[in-house]
Amino acid sequence: MSLVSDPVTPIEVPRGLKNVVVTETQLGDVRGGEGFYHYRQYSAIELAERKSLEDVWYLFTYGQLPDSRQLAEFRTTVAPLRRLPDEVRSVLRSIALAGATFQPLAGLRTALSLIGAARGLKPVYDLDPAQRQADALLVSAVTPTVLAALYRIRQGQEPVEPREDLSAAANWLYMVSAAVPDDRKVEAIERYLVSTVDHGFNASTFTARVVASTGADVVAAVAAAIGSFSGPLHGGAPDRALEALDAIGTPERTDAWVRAEILAGRRIMGFGHPVYQTEDPRARMLRGIAQDLGGELVDFAVQVERRVIAVLAELKPGRELPVNVEFYAGVVMELCGLPRSMFTPTFAASRVIGWCANILEQAADRKIIRPIARYAGPPAPQPVR
Ligand SMILES: CC(C)(COP(=O)(O)OP(=O)(O)OC[C@H]1O[C@@H](n2cnc3c(N)ncnc32)[C@H](O)[C@@H]1OP(=O)(O)O)[C@@H](O)C(=O)NCCC(=O)NCCS
């Protein structure tokens, strides 16, 4: 769909492209006013509550939910793709140990670029839909393995080989911890993973689509999306939300802590959202999951949430600043035994499926995304001296 009828006449759009429709998609949508989002024609939360990650991965890739035979075949197809190519194994150590702090997303970008080169990925422009799909499945399947291996090497441990007999969610926990996780943890993390596969035209998804619109290969588009995702305004704050809980310490300290943060000009991590004017439906679901898992941390988080909302309503009147996905995501991941440095990587391990679906959709439309900027510098041309 083109909204620009006359390419010569510039069209001014709001800063940050807020509320600008830039394309059509069949993949899903976020309805901020209602606190609802969907994957294709299904409620994402209902899918998270009832379907496996592989079901939803299939839905994004092929446009429909699989029946049991299709699901079994799909699992058989994607499980072997989890294995790291040999070319990457040999350099993974250097990538994981680079720098003073562990940067899993930077490492993922680097390793994926190498995998793309090693596997000879071709520009999507030159591929038929089946070949593009195959590349997308490879990148989505291998991403969690890369992230888990980087983490373990950084911890001074050996990477754990992926297990083909485990579901994607169970295998994720297994590759990070080297222990087969119990069913409750798998179920909790699987719901989180399903609920974060896609979420409208967010910055990383848009980035992936811009790169795909040039006809570049799937890894190029995913690596760009990871770069976009790594920014603090986007990639999420689940570890920061948990650090806030640590800093608050006890429920009765919440009000004073929030006031001090706001006075210092800081934001409260895990609250507010650019699209939702109401409670983030992912936060609602994750709160429920956390409460099912139970424990002191959950009770504490629920009390803190209530007080943060009350104090923000007083300090920021007229602003809707409800709890967002990050607040309880951190709690759920902590309860599932994931280390904090792997919170955002866990998000990336599922979002890569959404990026890939967007890349495939964009690649089918051979129109490059190429907006213009209004020049605001000194009048040109000036004499060149
Ligand atoms: C998510 C977020 C970037 C959305 O921002 P946004 O909708 O574009 O909102 P704006 O940046 O326009 O902020 C609007 C107002 O609300 C305030 N605000 C927004 N989120 C806030 C928060 N978490 N804590 C305190 N104040 C907040 C802003 O300071 C601003 O107030 P002002 O007008 O008095 O300056 C923002 O809410 C935020 O930074 N949240 C914390 C980080 C986080 O949880 N990120 C994960 C998102 S899923």
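**Note on the cavities and aromatic contacts**

1. The residues lining the largest cavity divide into 12 nonpolar, four polar and one charged. Here Ala, Val, Leu, Ile, Met, Phe, Trp, Tyr, Cys and Pro count as nonpolar, Asp, Glu, Lys and Arg as charged, and the others, Gly among them, as polar. This is a predicted model, in which local features need pLDDT of at least 70 and side-chain atom pairs count only at pLDDT 80 or more, while totals for chains, interfaces and linings use all residues. Residues are numbered from 1 along each chain as its sequence is written, and side-chain values use heavy atoms, with hydrogens and water left out.

2. Two cavities of 30 Å³ or more are found in a search of the whole structure. A cavity is a set of points on a 1 Å grid over the protein atoms alone where a 1.4 Å probe fits but cannot get out, and lining residues have an atom within 4 Å of a point. Grid points are joined across faces, edges and corners, and a volume is the space filled by probe spheres set on the points.

3. The largest cavity has a volume of about 170 Å³. Of its 17 lining residues, Leu53, Trp57, Ser140, Pro144 and Ala168 lie nearest its centre. At least two lining residues come from each of H2 (53-62), H6 (129-154), H7 (168-177) and H16 (343-363); H7 gives the largest share, five residues. Helices (H or I, at least four residues) are DSSP runs, numbered from the N terminus.

4. The second largest cavity, of about 40 Å³, has among its lining residues Trp57, Phe60, Ser140 and Cys356. H2, H6 and H16 each give two or more residues to this lining, and the largest share, four residues, comes from H16.

5. Phenylalanine 327 and tyrosine 328 form an edge-to-face aromatic pair, 4.9 Å centre to centre with 90° between the planes. Rings of Phe, Tyr and Trp (its six-membered ring) pair if their centres lie within 6.5 Å, and planes over 60 degrees apart count as edge-to-face. Phenylalanine 327 counts as buried at 3% relative accessibility, and tyrosine 328 counts as buried at 0%.

Conventions. 1 Å grid on protein atoms, 1.4 Å probe; cavity = no way out; pocket = protein on both sides within 12 Å on 5 of 7 lines; lining within 4 Å. Phe/Tyr/Trp six-rings, centres within 6.5 Å; stacked < 30°, edge-to-face > 60°. Buried < 20%, exposed > 50% of the residue type's maximum accessible area, 1.4 Å probe, protein only.
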